[in-house]
There are 2 protein chains.
Amino acid sequence: MCIAQEEVWDVTELMVRCGRARSPRLGTRRNPLDGELMITFEVLHEDAKTGARLGRLTTPRGTFETPVFMPVGTKATVKAMSPEELKEIGFDIILANAYHLYMRPGVDVVKQAGGLHRFMNWDRSILTDSGGFQVFSLSAVTRVGDEGVEFRSLIDGSKHFLTPEKVIEAEEALGADIIMPLDVCSPYPSDRDRIRTAVERTSDWAERSKKALKSDQALFGIVQGGLHKDLRRESAEALVELDLPGYAVGGLSVGEPHEAMFEVLDATVPLLPKDKPRYLMGVGNPTSMLEAVSLGIDMFDSVLPTRTARNGLALTSVGKVNIKNSRYARDFSPLDPEDECYACANYSRAYLRHLYQAGEILAARLITWHNLSYLAKLAEKMRRSIEADSFSEFKREYLAKHGAEFGRA
Amino acid sequence: MCIAQEEVWDVTELMVRCGRARSPRLGTRRNPLDGELMITFEVLHEDAKTGARLGRLTTPRGTFETPVFMPVGTKATVKAMSPEELKEIGFDIILANAYHLYMRPGVDVVKQAGGLHRFMNWDRSILTDSGGFQVFSLSAVTRVGDEGVEFRSLIDGSKHFLTPEKVIEAEEALGADIIMPLDVCSPYPSDRDRIRTAVERTSDWAERSKKALKSDQALFGIVQGGLHKDLRRESAEALVELDLPGYAVGGLSVGEPHEAMFEVLDATVPLLPKDKPRYLMGVGNPTSMLEAVSLGIDMFDSVLPTRTARNGLALTSVGKVNIKNSRYARDFSPLDPEDECYACANYSRAYLRHLYQAGEILAARLITWHNLSYLAKLAEKMRRSIEADSFSEFKREYLAKHGAEFGRA
């Protein structure tokens, strides 16, 4: 039984007694976790010509098909979007970041609110990243040891010491459906010894995380090992030994050559159990997603669609559209001529450019909507083509049209 | 016949022919202006004890009751909101600013888009302010003469010369349902001679605006005169002579003492025709709206609810809530305990504070939603209490509870 979830119903009880149930819909529903066992995953169909597979993932909060793209809601909100809009686009699972929420507002605040789902008004699935990547990339790390990692906050300079156990405690308080353990991300490039140490610590920490876990949340393993296939094998084997409900590939898309990433991925995926979901962390550009799906990856996340949107960049059927460009000043066609998302059905490029130039919030809202919608539809097309054994044709046509124009990350 | 509107249907035709009607709903509807005559106004009920009145205003795009609060969408968007959200809250008319749209993206762009309604995806009523106030407050005015006003843009330093005729031409291109003429706003305080000149120019410019108007848009007059009741009388009489479809009181709420504003308003409103709508420009705080309604004002606009929201300030039944305050860090109650708007039904103060502290766009969206909803509901309560001849009791109770805590502007 998840501790955070026990809190939820106490808070609801309290609010109902005070005549202040925040949402009748949430206030009266039953605890969705009662009697459920973490997640289940089923491979529905394997593509005839590639390693791609159509899967079905069920969490205590719902069922959805894979391959799936998960929007990033680092600080308990997918930037510029409302939960209802994410549902309208068709998302069933989003990401949040335990590290960021640990720093602000504090996991105890989220726990007291009744958990992350209640706090942010999202009743579908959530995956929390541990924030290992962020600890190493956003903080001033002062010491990494076998025990954990010491760092200074970039918000207020305060000193923190995170251990795998503390991260699990935080993630239990947040109450996401799928959780990632604390891992060690080596920067690219790193020498082999450093990467070997990172692999060993990551495996050790995964084991400690599993032991520390008291809830029924689904703890995934994270395979590290840089571009060294033998270290990737060591990492994968140690984690598979732990029999976790899912496996992620981490430490890729951190600056290495694009081809090197897929070589490593190609060598790593076959080491992971076929009957468990496979998650490629931090990758969300269409080209890479297609390649990774063909190698057997099921889950993706990236800030690419939301961050580029706030910079005025749209992913469309006719390629990248940089709305800042003056050529769109009198372009009264939709952002994407082949799309019918809310933004494309109702607004012109000229209007979006005007909003962007004027610094209006609606620009970020509409372009984010479109970009997320674009990736949701791409994932759906991938799923249907896998089902029809035509994934390789779909991939070939897409790459012929777009190449790597949407970036590498 | 409005020129901008002719453009709309050409563009629709063109898009339909190209298989690219942007919105079936918009693309197939009939020209709402066909055979219609600008606006009609009807006083439905006069309050027994005050000057307050319940009215019904019909524009070519819809009918709504007064007193009404109009959200400000200066640059063709009500900041942080979508058109659908404004409709969900219950707004039937919004403001835009001809001056701002003239500067960026340019009225020709909006005209080419099919007019302002189409450009911003809002099919209900729009009122465009001429921007006289903005020319005098936001630009480097280099010369004001009888002919017009010369100023430099603060965006790019370019020189512009606006005349009443040019402003009408711009507003015809934008195609709003109600339009305001170019007027001269004197800063507070100004000497009597300067205000007298402003009054004379404003009257002269209103007459020229009426002559220049070729469309069926409803041109209102703007009464100026500072705090001088005799100049207000001069201004009102000259404008009433023009037999315009509505009258605004301008040049108030610009820094003068609160009481002085109502003294002038009390002296000015009786000079305006009873059967025409009366609009107090730039006022939107609840206290002032209640006072002004009791003197017979029907229409209001202000950036107060939207701007304060982006600064983390909410108008609530328990007074001002400054969401930045650390006392809300663990406050899991709604922003307004007596409200059921989208923001209050689904999110806690603790979550809103977290979003605000993290600089998340959703903070601006949710608090703006609430503040606009608060004013829409206040206007509705005023209308129902006027209908029931209980407006003075409603006003007394409201002022006893809130005083002037929501500000003066």
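**Before you start**

Residues are numbered from 1 along each chain as its sequence is written, while chains are lettered from A and ligands numbered from 1 in the order in which they are written. In this predicted model, local features need pLDDT of at least 70 and side-chain atom pairs count only at pLDDT 80 or more, whereas totals for chains, interfaces and linings use all residues.

**Stop 1: the two chains**

**Stop 2: where the chains meet**

Next, select the contacts between the chains. Two residues are in contact if their C-beta atoms, placed from the backbone, lie within 7 Å. By that rule, 37 residues of chain A are in contact with 37 residues of chain B. On the side of chain A that touches chain B, at least two residues come from each of helix H5 (107–112), helix H6 (116–120), helix H14 (342–346), helix H15 (349–357) and H16. Helices (H or I, at least four residues) and strands (E, at least two) are DSSP runs, numbered from the N terminus. H15(A) provides the largest share of this side, 5 residues.

**Stop 3: the core**

Which residues touch the most other members of the largest nonpolar core? Select A:Phe220, A:Leu352, B:Phe220 and B:Leu352, the answer among its 222 residues. A nonpolar core is a set of buried Ala, Val, Leu, Ile, Met, Phe, Trp, Tyr and Cys residues joined through C-beta atoms within 7 Å. A residue is buried if 20 or more other C-beta atoms lie within 10 Å of its own, exposed if 12 or fewer, and partly exposed in between, with C-beta atoms placed from the backbone. Helix H16 (residues 361–387) of chain A gives the most to this core, with 14 residues.

Now zoom in on B:Phe220. Leaving out residues up to four places away in sequence, B:Phe220 touches B:Ile178, B:Met180, B:Leu244, B:Pro245, B:Gly246, B:Tyr247, B:Ala248 and B:Tyr279.

**Stop 4: a helix with a buried side**

Show helix H11 (residues 258–268) of chain A and pick out A:Met261, A:Val264, A:Leu265 and A:Thr268, which are buried. They cover an arc of only 100° around the axis, which puts them on the same side of H11(A). The arc is that of the directions from the helix axis to the C-beta atoms. Against these buried residues of H11(A) pack strand E12 (221–223), helix H10 (229–241), strand E13 (247–249) and helix H12 (286–294) of chain A.

**Stop 5: two domains in chain A**

Colour domain 1 (40–302) and domain 2 (309–406) of chain A; the bounds come from an automatic or database domain assignment. Their centres, taken over C-alpha atoms, are separated by 27 Å. The contact takes 27 residues from domain 1 of chain A and 25 residues from domain 2 of chain A. On the side of domain 1 of chain A that touches domain 2 of chain A, H12(A) gives the most, with 5 residues.

**Stop 6: backbone details**

Go to A:Arg104 and A:Pro105: the peptide bond from the one to the other is cis, with omega near 10°. A:Pro105 sits in the loop between helix H4 (98–103) and H5 of chain A.

Finally, select A:Ala80, in the loop between E4 and H3 of chain A. A:Ala80 is not a glycine, yet its phi is positive, about 80°. Is A:Ala80 buried or exposed? A:Ala80 is buried, with 25 other C-beta atoms within 10 Å.
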